[in-house]
Amino acid sequence: MLILKGKLLSVESKDIVNGVLTIPEGVISIDRWVCYRENLIKQIILPESLIEIGSYFANRCNSLEKINISKNVEYIKHGFCCNCPNLQEITIPKSVKRIGFDFLTECTSLKKVIVPSDIPYISYTFCAKCVSLKIIKLY
């Protein structure tokens, strides 16, 4: 794992233990494309210190089933977890101020998205082509 001045720049296969990628406390932002096509990842654990997640963070992680977005994240850029066919549910914390386009596009097993009712900005394509999506719950 390469972290510079609080920003996660890259991960390697050795950082994934039993299918789980745990990003350590102290990371405040994640660069774009960090987990692109990391097919060993089944779960991602994000730190409470995290504020911003870069574009296409977990794009095409075919085995990803679960990701918990920590309660201090404010910005999630476009393509966050798009094309993750095994992701089934996600909850967006109240701290998030902006969700970019293609946030969960083509997550074909996604069934439920839980979103704060007062989020200032959500792109109109945030979950496009999620053919199994049944519930978008506001809280």
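Let's start at F80: setting aside neighbours within four places in sequence, this residue is in contact (heavy atoms within 4.5 Å) with I53, Y56, F57, A58, N59, I67, I69, I90, D102, F103 and L104. F80 also belongs to the largest nonpolar core, which has 40 residues, and there I44, F57, F80, F103 and L104 touch the most other members. A nonpolar core here is a set of buried Ala, Val, Leu, Ile, Met, Phe, Trp, Tyr and Cys residues joined through side-chain atoms within 4.5 Å, and buried means under 20% relative accessible area with a 1.4 Å probe, counting protein chains only.

Keep in mind that this is a predicted model, where local features need pLDDT of at least 70 and side-chain atom pairs count only at pLDDT 80 or more, while totals for chains, interfaces and linings use all residues. Residues are numbered from 1 along each chain as its sequence is written, and side-chain values use heavy atoms, with hydrogens and water left out.

Now zoom out to the fold. You'll find 14 strands and zero helices in the chain (DSSP runs: E of at least two residues for strands, H or I of at least four for helices). The radius of gyration, taken over C-alpha atoms, is 14 Å, close to the 14 Å from the globule rule for 139 residues (2.2 Å times the number of residues to the power 0.38), so the chain is as compact as a globular protein of that length.

Here are some whole-chain values:

| Property | Value |
|---|---|
| C-alpha trace span along principal axes | about 35 × 25 × 20 Å |
| Buried share of the 139 residues | 46% |
| Share of contacts with a separation of 6 or more that join residues 24 or more positions apart | 26% |

Methods. Buried means under 20% relative accessible area, exposed over 50%, partly exposed in between (1.4 Å probe, protein chains only).
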